[in-house]
Amino acid sequence: WVRDLGAECTWRFRMFPEPAVAQAARDFKAQGFDDSAWDVTLVPSNWQMQGYVPPCYTNVLFPFTSVPLLMAPSVPKANPTAVYRTRFEVPPEWLRQRRVRLVLHAVGPAAMVWVDGAYVGYSQDSFTAAEFDITDALLSADSAAPDAALLQEHVL
């Protein structure tokens, strides 16, 4: 039994200038949070290609100085971070004798996931799959249609 939340759900999207600002807006994690003023986005998608931030990759020159040659680049203070939210229904039979998993097929470089305000996990890698067991969060939810929030950090 599989459901594609990207194809079946409306995803709300809000961009923040850095992770600390996104984390300060804690209300987005709560069940029933009003995200109606947020943008609507496609999932899967890439916020660089949608014009929220400039692309951070180049095929011409590496965008860091070569002096000193072996010095790693410093992380900029502005580190765009986004929150995605959606609402979805889980058939009751899914919760009877099985575990329910949320699979993000290509999230990167870092993501934190909440379901109805319950933290369910963290993933860090570059556009690889991440899988979260959300069964316990669904069983404790007050609603048949839980809210999922995904905070994605983007390193430039």
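1. The side chain of Thr86 has a polar atom 2.9 Å from the backbone oxygen of Thr10. A polar contact is a pair of N or O atoms within 3.5 Å; within protein, one atom must be able to donate a hydrogen and the other to accept it, and residues adjacent in sequence count only if both atoms are side-chain atoms. Thr86 belongs to strand β3 and is buried, at 4% relative accessible area. Buried stands for under 20% relative accessible area, exposed for over 50%, and partly exposed for the range in between (1.4 Å probe, protein chains only).

2. The model is predicted: local features need pLDDT of at least 70, side-chain atom pairs count only at pLDDT 80 or more, and totals for chains, interfaces and linings use all residues. Residues are numbered from 1 along each chain as its sequence is written, and side-chain values use heavy atoms, with hydrogens and water left out.

3. The protein chain contains three helices and eight strands, in the order α-β-α-β-β-β-β-β-β-α-β along the sequence. These elements are DSSP runs numbered from the N terminus (helices H or I, at least four residues; strands E, at least two). Of the 156 residues of the protein chain, 35% are buried. Among contacts with a separation of 6 or more, 77% are between residues 24 or more positions apart; a contact means heavy atoms within 4.5 Å.

4. How many salt bridges does the model hold? The count is five, where a salt bridge is a side-chain nitrogen of Lys or Arg within 4 Å of a carboxyl oxygen of Asp or Glu. One of them joins the side chains of Arg99 and Asp133, at 3.0 Å from N to O. Arg99 sits in the loop between β3 (81-87) and β4, and Asp133 in strand β7 (residues 128-133), so this pair ties together parts 34 residues apart in sequence. Arg99 is partly exposed, with 43% relative accessibility, and Asp133 is also partly exposed, with 32%.

5. Arg99 also forms a salt bridge with Asp136, with 3.4 Å between the closest N and O atoms. Here the loop between β3 and β4 is linked to helix α3 (residues 135-139), which holds Asp136, across 37 residues. Asp136 counts as exposed, at 53% relative accessibility.

6. Asp133 in turn forms a salt bridge with Arg101, the closest N and O atoms being 3.7 Å apart. This pair links strand β7 with strand β4, 32 residues apart. Arg101 is partly exposed, at 44% relative accessibility. Through shared partners, salt bridges join Arg99, Arg101, Glu131, Asp133 and Asp136 into one network.

7. The largest pocket has a volume of about 940 Å³. Of its 35 lining residues, Val43, Leu102, Val103, Leu104 and His105 are the closest to its centre. On a 1 Å grid over the protein atoms alone, a pocket is an open set of points where a 1.4 Å probe fits, with protein on both sides within 12 Å along at least five of seven lines; lining residues have an atom within 4 Å of a point.

8. Which element gives the most to the lining of the largest pocket? Strand β4 does, with seven residues. At least two lining residues come from each of α1 (5-8), β4 (101-107) and β8 (147-153). By class, the lining comprises 21 nonpolar, eight polar and six charged residues.

Conventions:
Grid points are joined across faces, edges and corners, and a volume is the space filled by probe spheres set on the points. Ala, Val, Leu, Ile, Met, Phe, Trp, Tyr, Cys and Pro count as nonpolar, Asp, Glu, Lys and Arg as charged, and the others, Gly among them, as polar.
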